[in-house]
Amino acid sequence: MSNLYLLHKPFQVLSQFSDREGRQTLAQYIDVKDIYPAGRLDYDSEGLLLLSSDGELIHRISHPRHKQPKTYWAQVEGQIDDAALKALRQGITLKDGPTQPAKARRIEPPTTAPRQPAIDPKRHPSTSWLELIISEGRNRQVRRMTAHVGFPTLRLIRSAIGPWRLGDLAPGEWRKETLHAPRPANSPQRKRVQPAAKRRKPT
């Protein structure tokens, strides 16, 4: 039996519990001791982050060999077209080599809390959303993929890792699932931890 914690990591929060530069970390949002992230999520990305104290479980989730699919919602500059979606589905070649074919489709803006700060409509008057599912974990891969096909990512939210989904967790909220096998339990427990009163603002 293992405990898995599903956290909605907010924008501009590090996927770690301390930072010498005073930026916001996971410690401001989840107060469970001796847990570690299964993988990471970039400072300027949002969404689902999985954490556990079970090293074997973390390995099963995060190691590339297990190819856990990751689902992202990307708000991109401009109105993404069929040619760009086709290229993403076929696989594209980045500086570190070709990507595996992804699942890509246009979506309506997801029902999620506005980002703080929000995307400036004056600077970005035309945007669209796509859902992208990949099984790789290269550095800033989704952002590089959408930029490569001509639609730079403005906002990126990870909505799922394997069978685990963000669901209706708001930014900063988390829930605990007790696993008797490597899959989500049926009865999640929800809890929200408010950021510390004396937290330092992101730099």
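Pro-69 touches Ile-133, Ile-134, Ser-135, Ala-160, Ile-161 and Gly-162, leaving out residues up to four places away in sequence; a contact here means heavy atoms within 4.5 Å. Pro-69 and Ile-161 are 92 residues apart in sequence, but their C-alpha atoms are 6.0 Å apart in space. Pro-69 sits in the loop between α1 and β4. Is Pro-69 buried, partly exposed or exposed? Pro-69 is partly exposed, because its relative accessible area is 33%, and the class runs between buried (under 20%) and exposed (over 50%), using a 1.4 Å probe and protein chains only.

The model is predicted: local features need pLDDT of at least 70, side-chain atom pairs count only at pLDDT 80 or more, and totals for chains, interfaces and linings use all residues. Residues are numbered from 1 along each chain as its sequence is written, and side-chain values use heavy atoms, with hydrogens and water left out.

Now the whole chain. The protein chain has three helices and twelve strands, which are DSSP runs numbered from the N terminus (helices H or I, at least four residues; strands E, at least two). Of its 203 residues, 47% count as buried. Among contacts with a separation of 6 or more, 69% join residues 24 or more positions apart.

Just after α3, Gly-150 has a positive phi of about 95°.

The loop between β8 and α3 holds Arg-138. Its side chain reaches the backbone oxygen of Pro-98 at 2.3 Å. The side chain of Arg-138 also makes a polar contact with the side chain of Glu-136 (3.2 Å). A polar contact is a pair of N or O atoms within 3.5 Å; within protein, one must be able to donate a hydrogen and the other to accept it, and residues adjacent in sequence count only if both atoms are side-chain atoms. Beyond its neighbours within four places in sequence, Arg-138 is in contact with Leu-94, Asp-96, Gly-97, Pro-98, Thr-99 and Arg-144.

Which elements each supply at least two residues of the lining of the largest pocket? They are α1 (55–62), β4, α3 and β9.
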